[in-house]
Structures are given as C-alpha cells and as structure tokens.
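This report describes selected features of one protein model. Please examine the sequence and the structure shown below before reading on.

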Amino acid sequence: MPMSNARISAGELFERQRERLDLRWFAGLAGADRYLEAVETVARRPSLAGYLNAIYPNKVQILGTEELAWLDSLDSRHRWETIEKIMQFRPLALVISKGQTCPADLMEAAEESLTPLWGSTRRGHELLNYLQYHLARTLAPRVTVHGVFMEIYSIGVLITGDSGAGKSELALELISRGHRLVADDAPEFTQIAPDVLDGTCPEMIQDLLEVRGLGVLNIREMFGDTAVKANKYLRLIIHLTRPGHERTDAAEPTGLERLTGENSVRRVLDLDVPMTNLPVMPGRNLAVLAEAATRLHSLRMKGMDPAAAFIARHSNFLERGDF
C-alpha cells in the first residue's frame, strides 16, 4: 500500500479558497511556493489555522479586529519586534479578516520576509472553519490500495484479491444489479477522522472500469450518473481467494469457519477494517455472496450476529438435553 506524503503551498491554498473566502493578496507574493507538509502537523502543538498566536504560532494566522487592536496597543519598538517575531515563525500565510485595512508596517514586513499576507471580507470564525477543514483534509494521511471500491447497500466496500481473481467482473455484475462504482484498480483512502477512511478515485481513472476481454468501460456513459459515486467511507473489505492460492496471513483453521465465515481484519493506515474472505469457485454467484456479506456486516454493526445466536441456541439445546 503506497502512502503519499501530502503537502500544499500557499499559492495552491489561495487559489482553492480565493472565491469562497473572497481572498485578496496584499503582500508577500514571492512566498507563494511556501508549503506545508503533512509531517509538520503530527504531534505538534500549533494548529493548522487559528487566530494570531505569538507563543504557539498557527500554520495560518488569522488577524481579526481584536488581534489588530492588540498590535495597535503596543509601543512602536515592541510592535515591530512582535511583527518580526511572527514573520520568523514562517507561517504559511497571514489573513486579515472583515475587510480591515492592512497596516503598512505589517505589509512591509511580509514583503521583506516573503510571507504571504492576504485579506478577506469574511469574519474570522468563517475563515477559521473553512481553512482548518480544508487544510486538515488536504494533509490527512492517505494511501492507495489495489482493488475495486464500491458502494453496496450504502456501505463502502473494497473488493480485493490476486490478479485474475475476478474483481472487475464482480464489480461489473454488482453495478448491473444497481450498486455504484467509486474507483477501480487504485482507490485512494484518506483518514479524515480517527475512525473514518474516505475513499476516492484518482482523476485519471474516474468513472472507468477495466474488464478482461472487454477492455476499459466508461461506467457513467454505459449505466448513467447514478452508477458512479465520487467518494465513500470504507467500512468493509471483501477479499477474493482462489483454491490453491493460500493466504500467508490466514489464521489456523478452527472448524468454526463453517458457522462464522472466514473473517479477519486488514490494517489500512491507522484503522483495522473488517475483512471477509470469499472463495472463488465455479458455480458460485459472487455478486449474491458479496451482497450477503455486506448485509451480514450491517447486521453485525447493529449488534446482531447470526452465528453467535446459533451457537447460543445450540448450547441452550444441549443444556436442556433435548436430543
């Protein structure tokens, strides 16, 4: 699972949020290539975005009415030292909120230190919410996993397996049964919250599914807009196994697999995702089995486990001696 080290530059952030946040570039245009990497956000006290903080500086410093008033309350020497200290922290950008006039000395310091200095007509809390969310999502840990990512019964399901196991054929049949394709071959998963993996499709292969013998199919054009989905949270992995291809990570058989199924977990970034193994054999309807596996997962998430209920029923039957 190749992991990518996400990063974003001040110029990219400005272009992405310029219209939404009504941003204007006051000074420090030469610092547009100043960037922020995901590794800089790990185990650090400063947050990605916040109001001006000269002790634990944020990556994007927002200057509202109170912050500018505080700077105005300082004597000239202390004010210049404070501004110089802020620039030395090398923030990704400074943003002045509510359409306030940019102080000349702040603009001069930003120009000299190549620090992007922006202005916005939006209120400080709006800037904070939008920038914090966008930066957190952009810099979140992400990984590419080989498989086909689909939405089955409103649940994000990743279909994995060795090459030639029939992943794309199964996906095509599921699509024909009304389920939706998110990404084929190389879905990207981003950990946007401690327990949430958001799966998306790279732009290059958007809406496409490669099936052996047929080539590349455009699912949107063949089945309509409702057959594809831009993103989905990963909740279940269905792994296709073939006879004679034993998995090295398979647990020692206990005899309970006939009751409970072959279930395990797979580590994706920092989360253990439930995984169901489906043997691929002639005569098996994998689409029906995949749908059943998804429904079963949904029941288990609600605290209902048919195998556990059967074992409990059997134990009760033996205790009563009804045999």
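A polar contact is taken here as a pair of N or O atoms within 3.5 Å; within protein, one of the two must be able to donate a hydrogen and the other to accept it. The model itself is predicted.

**Annotated positions**

The UniProt record, an unreviewed entry, places the feature "active site" at His146, Lys167, Asp185 and Arg258. A polar atom of the His146 side chain lies 3.2 Å from the backbone oxygen of Asp185. The loop that holds His146 runs between β9 (142-144) and β10 (147-152). Beyond its neighbours within four places in sequence, His146 is in contact with Thr160, Gly161, Lys167 and Asp185.

Lys167 belongs to helix α6, which covers residues 167-176. When neighbours within four places in sequence are left aside, the contacts of Lys167 include His146, Thr160, Gly161 and Leu240. Gly147, Val148, Ile159 and Asp162 are also among the residues that Lys167 touches.

**Packing of helix α6**

Helix α6 packs against helix α9 (residues 286-301) at an angle of about 75°, and the two axes are 9 Å apart. The helices are therefore roughly perpendicular. On the α6 side the contact is made by Leu170, Glu173 and Leu174, and on the α9 side by Leu286, Ala287, Ala290 and Glu291.

**The five-stranded sheet**

Another part of the model contains an open sheet of five strands with mixed pairing, in the order β3-β8-β7-β6-β5. Its edge strands, β3 (23-27) and β5 (49-51), each pair on one side only. From one strand to the next, the twist averages 30°.

Within this sheet, β6 (residues 60-63) and β7 (residues 93-96) run parallel and are joined by four bridges. Which residue of β7 is the bridge partner of Ile62? The partner is Val95. Helix α2 (residues 65-72) packs on the sheet and touches β5, β6 and β7. The direction of α2 makes about 80° with that of β6.

Methods
Residues are numbered from 1 along each chain as its sequence is written. This is a predicted model: local features need pLDDT of at least 70, side-chain atom pairs count only at pLDDT 80 or more; totals for chains, interfaces and linings use all residues. Side-chain values use heavy atoms; hydrogens and water are left out. Two strands pair if DSSP finds at least two bridges between them. Helices (H or I, at least four residues) and strands (E, at least two) are DSSP runs, numbered from the N terminus. Axes are lines fitted to C-alpha atoms, for helices over the stretch in contact, and angles run from 0 to 180 degrees between N-to-C directions. Contact means heavy atoms within 4.5 Å. UniProt positions are given in the numbering used here, feature names are shortened, and annotations may be inferred rather than shown by experiment. Angles under 35 degrees count as roughly parallel, over 145 as roughly antiparallel, 65 to 115 as roughly perpendicular and the rest as oblique.
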